[in-house]
Each structure stands twice: as structure tokens, then as C-alpha cells.
Amino acid sequence: MKRRKDEGRNISTLTPTLPLNRGREPIERKSFLLPVEGEGGRRPDEGRYPVIVFIVVLLLSGNAVAATPHFALSLSSAETAALAYSPRLKAAAEQIAASRDRADSQRALLIPRLTLDGSYKYVTEVPEMRGTAYGAHRNTSIGPTLTWTLWDQGALYKGWRSQLSLVQSQKDAEALARNQILLGSRLAYFQVQLALEQVRLIGDFMNLAESQYQDIRKRLSAGSASRVDALSAHQEVLSRRKDFRQAQADLASALHELLTLTGNTTSYDLSRVVDGRVASSLPAYTGSPTLLLELDPLSPCPVELAAAAKRDFDAVHPQLRMYSDQAEANRLSAKSLSAGRWPKILLSGRSSYDYPNGPVLETVQQNAVSLSASVPLFEASKTQRETDEQNRRAAAAEATRQQSFDELRRDWFKARDQYGALRDQEALDRESVSETGEISRLKYLMYKEGGLTFLEVENANLKALQSKVTAALTQAQMLIRLATLDSLSAHR
């Protein structure tokens, strides 16, 4: 928050350009014009204009606030909306369904398979012997066929178990996505809370700076204040106005992020968002608000988050379970592939209507049972390579799980230690806010008595503002650390 020096300007050139409200300049300029003495030292209508203008501005401001769109959002509502909207969660649900369908299809290979088979064949030459034909030009067959893998060294069963582990891994991925979306919505909400609090605090100090500036103008007219003091006071007003607009821009940016996460597609004008609870008390020259925003207060902390500070690290975090299940799926897949090196026995049975019945030109019902076995003798190490691939993927998943465990536990320790430090800072912030506010008030009284310059008052005001903003930042950081702890701690 930088202050610009403009001591080269005099009060006579400064006063007509006061940026009270650019949209209502004809009215507001009159209310802050320097008093012009007429005959007898006072004009007949002097003293009535400021009152009338104040009432008009108040009425206009009240109507503008009443017509401004209002948007209220609690933390729990933001969490619910983010979880309900998230495309990532919907994609995770589809991934689970796809993996479950794959597992079900793999399970179907474990049970006998029944099919209806039919064939038709026409041949031009029919073998004959001694004038007797052995067969017919037209050959047909139709009937059900039953096939079953009688023995495969457990290859199909382990393949099915591998698919089940992948389904569980997808469920862990969905739980992880839910955890991260919940954390993301909370962090976005806290950022908006902090930005909104900064808008409110700067608005309060903007009112204070404006009040002191008006007081100094009266003292300047009475000859008890210098032109430098008036210019310095006006610079203070300008600085607070710039801070207020920057805070509104930061609030709009944070609010866009939160609205996107919660799937809110309403086209709000976020150019001049203000706190709905204090909108009517803001100076008119801040412009008409485009949106009145109401959120949960920064303090006290939500109960469900406060409990996170007492919970332990979650050693079975969804991210860790996801990698463990992936490793298990790869190991089972490797065993399934390795079983392909052993003999496989297939059993099949068929009952069909065939035509012709050998040399007899008639349709006959034929029943058959067959047993076949196969074993690979040479395949250029294909099965072994595929088995090694899955074993290495399992080892990679285990290593990734260990890396994730180290990082998650590190983040949990960091969040816990930072939260402890922030709790101590919160107590110091409360003391600092109380003292800097009192110093600011006392220094202004001392200035009015001639004991201090206005520059010292300005510095005291700035420190008071900084202490309040710092206190709000500390509270927001505490909420962020608690949300992080909640996402990493065990909920049992």
C-alpha cells in the first residue's frame, strides 16, 4: 500500500476535482466545496446544501443497494455444490463402471459357454463307390455347443482377480478425487472470504480517511490546519480508494474461481463486489455495487475443521490405497500370464441335427463330446516377457506408493506445525489490532491539539489497517491449514 506525495498542489485546485462520485458529480461537488463567504460572512443557504445533498446521496445509495443482485453462499453449500458438479467425479464413476464390466466379462470365462452353431455347405462333387454316393451336394448342421476350460493352471481365475483389484483401484481414485475436490472448494472459499474481508476493512479505513480529510478541511478554513495537512489527508483518501478498487479486483478473481468449482453459471457482474452486510455504509464515490456477497465469517472456525487438528495422519489415505491396489492387480495379472506356460485342457460337447447321415440322405441327431489339450512349445519368450512386464509395473506402483506416503506425511507434518504457529500469531494479532487502533485514535487527537503532524497520523492509520489485514490473513491461513489437515488425517 504505497502513498503518493502531491505536496505541489494547493487546496484551491484540489477541491473542485474531489472524486466523490463520478456518476453524480453535480450533486456531490456542491457538498464538499470550500465555504464561500458572502455579505455578513455567511450565505443565507449555507449549511443547508450539505444536509440536502447528504439526504439525496443516501436515498440514491439505498435504492442502488436495494436493486443490486444478492448472492449468499455458505461453506457447506459450496462443498456440496462442488461435489455435485465436478466433471472429474463423474469421469471417475464411469471409470469404475467400465472396470466392473471388464471384471464381469472376465468372470464369465470361468463358467461353461453355450452357443448355438449352424453351418451350410454345398459341394459339386459327391464321392461315390460302386454307384453309391457317400453324401449329398447340400450339407447342413445346426445345434447347441457347450465349451469349458477344464484346466488352465488358474490363468482365468487370476485374471478375474486382477480385474477386481483394478475396480478397487478405480474406487480409491474416486475417493481421492472427492477428497481433492472438497479441499479445492474449501481453499477457494477461504480465498474469497479473505478477499471480501479485505474489501470490508479497506472500506472502513476509507471512511476514516474521508472523515479526517473533511475535518482537516474545516480546520483549514478556520486557520488551524495547514495546506500541507489538507493535501496529505487527501492523498490518504486517494490511496485508500486505490486499495479498495484493487481489493475488489482480487475479490472478483477469487470469486470467479469459486463459482467455476461449484458449477455456478450465473452471469454475475463481479466488477464491484462488496460485502452485503456493510454495503449501505460505503462511501458513495466507491460506485454502485454490482453484487452484494454474503459468506460465512472468517471466525469462528467450523467445528468439523477444528477437529482435524487433533487427528492423526491417515496411513491408508485413498492415494496410498490406489497405488497398493494397482500393484496387486499387476501381480495377479503376472500370475495369470505365467500360467499360460502350462497345459490347457478344453472340454466341449455338441448336440446337432446333421444332413446327410453319411451315405444315407436323411437328417440325423448327432451328439459328440471332445477333450483337447494344448501347451506352448516355442513362442519366443512371449509369455515370459509379458509376465516380467506386469511384475515390473507392480514394483513401480509400490515405489510410487512409498513416494506418495512420504510426501503426504511430510505435508501433514508441515500443516500441523504451521497451524500451531498460526494459533500463536492469532493471539498476537488480536493484541496488535487493539493497540494500533488505539494509537491511531490517540495520534489524531494529538494532531488536533497541535502535538503531531498529519504524516504521523497517516502512518498510524496505515499500521492499524495493516494489523487488521494481517489478522484476517492469519485467520484465513489457519482455515487453509485445517482444511489440509482434514484431507490428510484419518477420519476414524
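The structure is a predicted model, in which local features need pLDDT of at least 70 and side-chain atom pairs count only at pLDDT 80 or more, while totals for chains, interfaces and linings use all residues. Residues are numbered from 1 along each chain as its sequence is written, and side-chain values use heavy atoms, with hydrogens and water left out.

**Overall make-up**

- The protein chain holds eleven helices and nine strands, where helices (H or I, at least four residues) and strands (E, at least two) are DSSP runs numbered from the N terminus.
- Of the 492 residues of the protein chain, 39% count as buried; buried means under 20% relative accessible area, exposed means over 50%, and partly exposed lies in between, as found with a 1.4 Å probe on protein chains only.
- Among contacts (heavy atoms within 4.5 Å) in the protein chain between residues at least 6 apart in sequence, 79% join residues at least 24 apart.

**Helix packing**

- Two packed helices are described by the angle between their axes and the distance between the axes. Here the axes are lines fitted to C-alpha atoms, for helices over the stretch in contact, and angles run from 0 to 180 degrees between N-to-C directions.
- Helix 7 (residues 227-261) packs with helix 11 (residues 454-488) at an angle of about 20°, and their axes are 9 Å apart. That angle makes helix 7 roughly parallel to helix 11, given that angles under 35 degrees count as roughly parallel, over 145 as roughly antiparallel, 65 to 115 as roughly perpendicular and the rest as oblique.
- The crossing of helix 7 and helix 11 is right-handed; a crossing is left-handed if the near helix is turned anticlockwise from the far one by less than a right angle, and right-handed if clockwise.
- In this pair, D229, S232, A233, E236 and R240 of helix 7 meet F454, E458, N461, L462 and L465 of helix 11. The residues of the contact of helix 7 with helix 11 divide into four nonpolar, two polar and four charged, where Ala, Val, Leu, Ile, Met, Phe, Trp, Tyr, Cys and Pro count as nonpolar, Asp, Glu, Lys and Arg as charged, and the others, Gly among them, as polar.
- Helix 4 (residues 75-85) and helix 6 (residues 155-221) have axes 9 Å apart and pack at an angle of about 140°, and helix 4 and helix 6 are therefore oblique to each other.
- Helix 4 also passes helix 6 in a right-handed crossing. There, L75, A78, E79, A82 and L83 in helix 4 meet R178, I181, L182, S185, R186, Y189 and F190 in helix 6, and the residues of this contact divide into eight nonpolar, one polar and three charged.

**Salt bridges**

- Side chains of opposite charge can pair when their charged atoms come close. A search of the whole structure finds 20 salt bridges, each being a side-chain nitrogen of Lys or Arg within 4 Å of a carboxyl oxygen of Asp or Glu.
- R410 forms a salt bridge with D411, with the closest N and O atoms 3.1 Å apart; R410 is partly exposed at a relative accessible area of 45%, and D411 is partly exposed at 26%.
- R416 forms a salt bridge with D417, with the closest N and O atoms 3.7 Å apart; R416 is partly exposed at 36%, and D417 is partly exposed at 48%.
- E438 and R441 meet through their side chains in a salt bridge of 2.7 Å, N to O. Being three residues apart in helix 10 (residues 382-448), E438 and R441 are separated by about one helical turn. E438 is partly exposed at 36%, and R441 is partly exposed at 44%.
- Salt bridges that share partners join E79, R186, R311 and D486 into one network.

**Backbone details**

- Most residues other than glycine have a negative phi, and most peptide bonds are trans.
- The peptide bond from Y355 to P356 is cis, with omega near 0°, and P356 lies in the loop between strand 8 (344-355) and strand 9 (364-374).
- A380, in the loop between strand 9 and helix 10, has a positive phi of about 55° although it is not a glycine, and A380 counts as exposed at 56% relative accessibility.
- S381, in the loop between strand 9 and helix 10, has a positive phi of about 60° although it is not a glycine, and S381 counts as partly exposed at 42% relative accessibility.
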